[in-house]
Amino acid sequence: MVVNLSDLFVADGNLPFEFSLDLSDLEFYGVYPLKTPTKVSGNIQSRAGIVTLQLKAEYLYSSPCDRCATPAEREYSLSIERTLVRELFDLDDERFIQIDGDELDLGEIARTEVILSVPGKFLCKPDCKGICDRCGANLNETSCDCYKEKIDPRLAALKDFFNE
Ligand SMILES: [Zn+2]
Ligand SMILES: [Zn+2]
């Protein structure tokens, strides 16, 4: 969604917006996790020559769990506030967005922010136990004996000796 800011740069006003954004083409680690449209909403406000963008994006992230590979999904939401300026003096200052001309592509901004916000590690639940790397059992559902302590037979013999 592209908005025209020419009025807001010369007079006070508001430009509320709400749209849905298709991000199903975004790929992370071989997965396309944004299967449903991302909901973007917010407002652009102009007060005394200062133009401020407030943008919120809500998305559903669907991906196999990084530990146990079970498909899972979770809702995420992000909010940003930026000052829109015609000229930017410090290119690294992320509080500002420079506007070339009068148009601002809100879809592009939302897309960038969603990419920056996606989880680096995605778990089906915070305490996911993962998969046994020896037998492949899903340790959330079952347990296995792979890492159970094996008692050394010589120690076992000693134990019997002392118990007698
Ligand atoms: Zn898991
Ligand atoms: Zn195992």
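Predicted model: local features only at pLDDT ≥ 70, side-chain atom pairs only at ≥ 80, totals over all residues.

How are the donor residues of the zinc ion (ligand 1) spaced in sequence? They follow the pattern C-x2-C-x55-C-x3-C.

**Zinc site**
- The protein donors of the zinc ion (ligand 1) are the SG atoms of Cys65, Cys68, Cys124 and Cys128, which lie 2.3 to 2.4 Å from the ion.
- The site is tetrahedral, with angles of 108 to 113° among its 4 donor atoms.
- Distant parts of the chain are linked here: Cys65 belongs to the loop between strand E4 (50-64) and strand E5 (71-85), and Cys124, 59 residues apart from it, to the loop between helix H1 (106-117) and helix H2 (153-163).
- Cys65 counts as buried because its relative accessibility is 4%, under the 20% limit.
- Cys124 is partly exposed, with a relative accessible area of 25%.

**Aromatic pairs**
- The count comes to 4 aromatic pairs.
- One of them is stacked: the ring centres of Tyr59 and Tyr76 are 5.7 Å apart and the planes lie at 25°.
- This pair links strand E4, which holds Tyr59, with strand E5, which holds Tyr76, 17 residues apart.
- Tyr61 and Phe122 form a tilted pair, at 4.9 Å centre to centre and 55° between the planes.
- Tyr61 and Phe122 are both buried.
- Ring pairs join Tyr59, Tyr61, Tyr76 and Phe122 into a cluster.

**Charges over rings**
- The charged end of Arg86 sits over the ring of Phe9, 4.1 Å from its centre.
- The charged end of Arg134 sits over the ring of Tyr147, 4.2 Å from its centre.

Notes: Residues numbered from 1 in each chain as written. Chains lettered and ligands numbered in written order. Heavy atoms only, no water. Donors = N, O, S within 2.8 Å, 3.2 Å for Na, K, Ca; no water. Tetrahedral: all angles 85-135°; square planar, octahedral: opposite > 155°, others 65-115°. Helix = DSSP H or I, 4+ residues; strand = E, 2+ residues; numbered from the N terminus. Buried < 20%, exposed > 50% of the residue type's maximum accessible area, 1.4 Å probe, protein only. Phe/Tyr/Trp six-rings, centres within 6.5 Å; stacked < 30°, edge-to-face > 60°. Lys NZ or Arg CZ within 6 Å of the ring centre and 35° of its normal.
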